[in-house]
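Keep the structure open while you read.

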Amino acid sequence: MSAASPVIERGTAASRIAGVGVLAIIVLLAVAPQFLSAGAVDRMTALFIYVILAAMWNALAGFGGLVSVGQQVFFGLGAYFAIRLANAGLNPFVSLFVSAVVVVAVSWPISLFMLRLKNGEFAIGMWVIAALTHLLVNLDRLIQGETGTSLISLNVYDASARRLTIYWLALASMTALLATLFGLLRGSTGAAIRAIRDNEDAAASVGVRVTGTKRLLFVLAAFGIGVAGALWLATSITFQPKTYFSVQWTAYMIFMVLVGGIGTFEGAILGALIFFLIETWFGGTGVWYLIGLGATALVFSLFLPRGLWGTVEERFGWRLLSVGYRVRLPAVGAADPATDTIASARTTTHREKA
Amino acid sequence: MMNQIIQGILLGGYYALIACGLSFMFSVMRIINLAHGSLAVLSAFALWLLASRFHISPFLGLAIVLPLMAVIGWALQRFLLQRSARGGALLPILTTFGLAIVIDNVLFEQFGADTRSLAPYIGSLSYASWEWPGSIYVGKLAVIIFVTAVVLLGGLQLFLTRTSLGRSIRATSEDPDTAGLVGVDARRAMATAAAIAMVTVGLAGAFLGMRATFDPYAGATQLLFAFEAAVIGGAGSLWGTLIGGIMLALAQTLGATVHPQGFLIGGHVAFLIVLFIRLYTSGLGLGGLLRLSTGKAS
C-alpha cells in the first residue's frame, strides 16, 4: 500500500471535456438570437437570470452555510437603484450595473450585522431586512408606493435592439458571475469556503478566516442577485415593489438549488434549467404550480437533500466543472479486502474536502 | 397618548401568544419553524370554515381545531422535522419553508384571495369595549387576548417546571443525548413539545382572525411578528416573550403616529435596534437569541 503514493488531481477527463463544452455552449448561446424568435430570446434571458439567482443562492447557502430567505432584498434593490440611477440621467443599460455596485455598498453594512446570526436566525433575520427595505422603498415618491413605476428611459431604444442587448448583457453577466464563482471556489478561498461549509468551528481552529470568507460570499451573492434584479427590470420595464421584493424569488432560488444539488457548482445550473422547464410547461397552472414547487422542495429536503446532481456525483463520481481536489489511490490487488473500503473512501475523499 | 400605550400593551399580548410557540419550539428542538405563521393562518381558516359553513362559533370551534393542531404539531415533528434535523441545522429551514409555501398556496387554492375575518361570528365581542377611568376605551376582545396570553404563558411555565413531562422536555432541550441516557424518551418529548407549540399557534390564529383580517398569504407577516417579539423579549423566560410582544406593539404604535405607513416599519426598526444592542453588548448572540432558559425561569 505504501509503495505507490496517491495522485491528487484537480479534475477528470470528463471535466476537461466539459470545460471545452462549456466554451462551445457559451459561443452557441451568443449567436443563438440569430435563429430564435423574439419570444424565445426573452425566455432565454429569463433562464440566464435564473441561473444567476441559483448560483448566487447556492454560493451563499451551499458553500457559505448561510441559508437566507431574504435574498429578494437584493433583487428588489438591484431594480430599485437602476430606476433611481436612470431617473438621475444615467444611461439605462449602464445603470443596471452601477445599481449592482450600489447594492454591494448596501450589503456590506448589512453583512457586518447579520453574519453574527446563525442558521434559522440568519434566515429569518434577512427576511425582516427584506420586509423593511420593501416598506422603505415604498416611501420613495418616485416609486409611488405599490403602484410602482417604469424604466422609461429604456423606451428610446428600438424594441428588437433592446431585446438583443438585454439578452447579451444577461448572458455576459451570467458567464462572468459563474466564472468568478468558479475561480473563487477553485482558489485558496475555495478551500476555506468548503472547510467552513463542512465544519465551521474546525475551520476556525485551523486558521480559516470564517467571518471574512462568509462576508465575501454574502457580498458576492448580493452583487449577483442585484444584477439579476436589474436585468429582470430591463426585461419587464415596470417596477412594482411588491413583485420584486416578493419572497417568491427566494422560494425559486431554494427550489432550484435544492433540486439541482446544494453545495455543488453544477447543481445550481441544473436546478435553474429544471426550474425553467417546469415554469415553461406548468407556469400557466397558477397556484398548483406553486404548490408543486413547494412540495418538491419539501420532498427533496427530506429524501434527497443533496439534490439531483449531488446524488449523481456521489453515485458515479462524475465531475464536470470540478472545483475540488480528487485523490486517486493507486490500484491495490483485487484480492485485498480493503479495496472496497478504499473505493468508497475515494468517493468520500474527493468530495471536495480541500 | 395614554390610550395608545394601553392599546399597544394589549396588542402585545397577541404577539406574545404567537411568539411563544416559536421560541418554545426553538428552545426544545433548535428549529425555527418557517411555517409557523402559515399554520396560524391555517387555524384561522379552519375556524372560519366551521363558523361560516356549520355555524359553529369560533370559541366552540377551538374545541375541534386545537386538538387538530396538536396532531399536526405531533406529525410535523415525527415526519418532517425529526427527519430533516438529522441532515444538519440548515435543512429544517428549507423543509419548513417548503411547507409554508405549500400551506399558503393550498389555502389560496381553497379559499381564494379574499380577506376574511372571524369578527362577524363572535357577536358584539368584536367591537364591545369597557370604559376605563380617564375616558379610555379598551376593547373586550383585546383584554381577553391579553389575559389568555398571560394565562397561557404562566400555564406553560408551570407545566415545564412542575410536571414530569415538562421536566423531560426541559431535559431534552438542554441535552437530548444525556437526557436519553437517564431514561427520557427524547423523541416523545420533542413530539409533545411540537404538539403544545401548535396548540398555541392555533390559539394565536384564532385571535388573529377575531381581531383582524387574514388572507392565505398572511402567514409570512405573522411569522415575522412572532420572530421579532421572541428576539426582542430575549433569552429570559417565557415572560420575556410577553415583554417582547409588548415592546414590538408599542414600537409599531409609535411608528404609526410618526408616519401613516410607519406601523410595520416601527416594529422592524425596533427589532433591528434591539438585535444590534444585544449582539454588541452581551456578546451572547450566536445561537442564543431565541433560547429560553426554561430551567431557571422564575
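## Helix packing in chain B

α2(B) and α4(B) cross in a left-handed way, left-handed being the case where the near helix is turned anticlockwise from the far one by less than a right angle, and right-handed the clockwise case. Helices here (H or I, at least four residues) and strands (E, at least two) are DSSP runs, numbered from the N terminus. The contact brings together B:Ser38, B:Leu39, B:Val41, B:Leu42 and B:Phe45 from α2(B) with B:Ala100, B:Ile103, B:Asp104, B:Leu107 and B:Phe111 from α4(B); two residues are in contact if their C-beta atoms, placed from the backbone, lie within 7 Å. Sorted by type, the residues of this contact are eight nonpolar, one polar and one charged. For that sorting, Ala, Val, Leu, Ile, Met, Phe, Trp, Tyr, Cys and Pro count as nonpolar, Asp, Glu, Lys and Arg as charged, and the others, Gly among them, as polar.

Now the geometry. Helix α2 (residues 36–54) of chain B packs on α4(B) at an angle of about 25 degrees, and their axes are 9 Å apart. That angle is why α2(B) counts as roughly parallel to α4(B). The axes are lines fitted to C-alpha atoms, for helices over the stretch in contact, with angles running from 0 to 180 degrees between N-to-C directions. Angles under 35 degrees count as roughly parallel, over 145 as roughly antiparallel, 65 to 115 as roughly perpendicular and the rest as oblique.

A word on provenance: this is a predicted model, where local features need pLDDT of at least 70 and side-chain atom pairs count only at pLDDT 80 or more, while totals for chains, interfaces and linings use all residues. Residues are numbered from 1 along each chain as its sequence is written, and chains are lettered from A and ligands numbered from 1 in the order in which they are written.

## Where the chains meet

How many residues does each chain put into the contact? Chain A gives 35 residues and chain B gives 38 residues. On the chain B side, α3 (58–85), α4 (91–111), α9 (219–233) and α11 each supply at least two residues. The largest share of that side is from α4(B), with 13 residues. By type, the side of chain B that touches chain A has 26 nonpolar, nine polar and three charged residues.

One helix pair spans the two chains: the axes of helix α5 (residues 119–139) of chain A and helix α11 (residues 262–281) of chain B come within 10 Å and cross at roughly 140 degrees. So α5(A) is oblique to α11(B). This crossing, too, is left-handed. In α5(A), A:Val128, A:Ala131, A:Leu132 and A:Leu135 meet B:Leu264, B:Ile265, B:His268 and B:Phe271 of α11(B). Those residues split into seven nonpolar, one polar and no charged.

Chain A has 15 helices and four strands. Of its 354 residues, 44% are buried. Among the contacts in chain A with a separation of 6 or more, 79% are between residues 24 or more positions apart.

A:Thr175 sits in helix α6 (residues 159–186) of chain A. Between A:Thr175 and A:Phe48 there are 127 residues in sequence but 9.0 Å in space, C-alpha to C-alpha.

A:Ile237 is in the loop between α9 (210–236) and β3 (238–239) of chain A, and B:His55 is in the loop between α2 and α3 of chain B.

How exposed are these residues? A residue is buried if 20 or more other C-beta atoms lie within 10 Å of its own, exposed if 12 or fewer, and partly exposed in between, with C-beta atoms placed from the backbone.

| Residue | C-beta neighbours within 10 Å | Class |
|---|---|---|
| A:Thr175 | 17 | partly exposed |
| B:His55 | 9 | exposed |

The model scores ipTM 0.87 and pTM 0.87. Mean pLDDT (the predictor's confidence in each residue, from 0 to 100) is 85 for chain A, with 89% of its residues at 70 or more. Within chain A, confidence is lowest in helix α15 (residues 339–349), at a mean of 41, and highest in helix α3 (residues 72–87), at 94. Residues 333–354 of chain A have pLDDT below 50, and this stretch has 23 contacts in the model beyond near neighbours in sequence.

For chain B the mean is 87, and 93% of its residues reach 70 or more. pLDDT stays under 50 over residues 284–288 of chain B. Where pLDDT is low, the predicted coordinates should not be read in detail.
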